[in-house]
Amino acid sequence: MTTTRRQSAPGSSGYLDVYPDRKISFFKNPFILGLTAVAGIGGMLFGYDTGVISGALLYIKDDFEAVRQSNFLQETIVSMAIAGAIVGAATGGWINDVYGRKKATLIADVIFILGAIGMAAAADPTVLILGRLLVGLGVGVASVTAPVYIAEASPSEIRGSLVRGTWRWMLGVSAVPAVVQFFLMLSLPESPRWLFMKNRKNEAVDVLSKIYDIDRLEDEVDFLTALSEQERQRRKNIKFGDVFRSKEFRLAFLVGAGLQAFQQFIGINTVMYYSPTIVQMAGFRSNELALLLSLLVAAMNAAGTILGIYLIDHAGRKKLALCSLGGVFASLIILSVSFLNQSSKEHYGWLAVLGLVLYIAFFAPGMGPVPWTMNSEIYPEEYRGICGGMSATVCWVSNLIVSQSFLSVADGIGTGSTFLILAAITVLAFVFVVLHVPETKGLTFDEVGLIWKERAWGKNADSQNLLAQGTENQS
């Protein structure tokens, strides 16, 4: 496909310059807003589970002596959901491609509900850990599905904004959003791009008619019809190894997987999973006070996420990630200083709380949504499920490593030194984004694909150098 055609594709910057009246705004279409809200509950499932386990862990330790006496059991209760998510993400791409985005979401909801019920009814740590595993499986499938579903059903100009006792009740109620999503999802359509890919054009047109007005609808249908046959032919030859043999696929996967890995290794889920425990480490011994202070972290997470919805399509993905990483680095230094000096002065405990709040304030609008948004838009259609699943698996494996080791590492070398290591990793993440991550704000999937072709083969990517790519894929 030529560069000229890319620039005139529906939703591209060139197309919207010619037809500015066809640009879709975030609140212009209630159907898009509703679709995004329902699909986005998948992200809420993980967000709620992550937040609630941090507080529930304080009370679980009170109920189970074995958990209170073992850092390993505490880490296992937290990280078993991540182990499940690794499996869910690894299989989620295949489930998406075979059964569709809608059915994949419904499957994820059912698994999550079963896990939440198991956690709430747990009579011992073993059953609780099994429930966490099931919850993780559901979250893993949802983590692959929700960004792709939203990205494929959204106009390119707003795609980024749309992608994204006591402890028993706290864990059991996590089933509520999954139940809500399950029944609401039944009323939503399948992704129009997936329907085109499966040669179900009439259903796809019906969905697109709810997203675009009549003028742009015709252009979108013509464009997707022209692409669908090419994509179906390419999908017949899809091989897992092609992701690593093709230079442009390798570049895209490097960025997608790299962002997901750094998102975890800069410590976000250390902060989210263990925020009440960290507050207690800082000198606030009361469960209730520790939980209350950790709610400040959760409040900043919510506020930052809302801000990120606006910024990701205005400031852009790359700039947002860099600003986020800069703030995260400063916050980790504050946390490190507070713990390295906590024995000398009492007010360093409050400095630790400040560091936690600032960490989330900087992370939530940037490094929270950017990796997931970019992974939903940087891969070609025929490999979006496979690459998205592999990248999500990298995320969950990285998450597992961090959450399974944090308490033990902090106990071994000190909490302050542990945060200092995370700060050093943040510097590496900043350099990675500067050197490797392109800006994809407002670009169509096709325009994003051109970025990788140009990086792999130079500016003449659409001509003779594509022949070299074909030879490489066949080798």
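Modeller: A patch is made of residues with over 30% relative accessible area and no salt bridge; like charges are joined within 9 Å, nonpolar side chains (Val, Leu, Ile, Met, Phe, Trp, Tyr) within 5 Å. A salt bridge puts a side-chain nitrogen of Lys or Arg within 4 Å of a carboxyl oxygen of Asp or Glu. Areas come from the Shrake-Rupley method with a 1.4 Å probe; for residues, only the protein chains shown count as cover.

Modeller: This is a predicted model: local features need pLDDT of at least 70, side-chain atom pairs count only at pLDDT 80 or more, and totals for chains, interfaces and linings use all residues. Residues are numbered from 1 along each chain as its sequence is written, and side-chain values use heavy atoms, without hydrogens and water.

Biologist: What makes the nonpolar surface patch?

Modeller: Phe-329, Val-427, Phe-430, Val-431, Val-434 and Leu-435, over about 490 Å². Five of these residues come from helix 23 (residues 415–436). Helices are DSSP runs of H or I, at least four residues, numbered from the N terminus.

Biologist: Why is Val-431 called partly exposed?

Modeller: Its relative accessibility is 40%. Buried means under 20%, exposed over 50%, partly exposed in between, so Val-431 is partly exposed.

Biologist: How do you know that Glu-248 is buried?

Modeller: Its relative accessible area is 5%, so it falls under the cut-off for buried. Glu-248 sits in helix 16 (residues 247–265).

Biologist: What joins the side chains of Glu-248 and Trp-457?

Modeller: A polar contact of 3.2 Å. The term needs N or O atoms within 3.5 Å, one able to donate a hydrogen and the other to accept it; residues adjacent in sequence count only if both atoms are side-chain atoms. The side chains of Thr-440 and Arg-317 also make a polar contact, at 3.3 Å. Thr-440 is in the loop between helix 23 and helix 24 (445–457), and at 0% it counts as buried.

Biologist: Why is the pair of Phe-406 and Phe-419 called tilted?

Modeller: The ring centres are 6.0 Å apart and the planes stand at 55°. Rings of Phe, Tyr and Trp (its six-membered ring) pair if their centres lie within 6.5 Å; planes under 30 degrees apart are stacked, over 60 edge-to-face, the rest tilted. So this pair is tilted. Phe-406 belongs to helix 22 (residues 384–413), Phe-419 to helix 23.

Biologist: Why does the span of helix 20 agree with its residues?

Modeller: At 1.5 Å a residue, its 16 residues (348–363) should span 22 Å, and its end C-alpha atoms are 22 Å apart.

Technical notes: Helix = DSSP H or I, 4+ residues; strand = E, 2+ residues; numbered from the N terminus. Buried < 20%, exposed > 50% of the residue type's maximum accessible area, 1.4 Å probe, protein only. Expected span 1.5 Å × (residues − 1).
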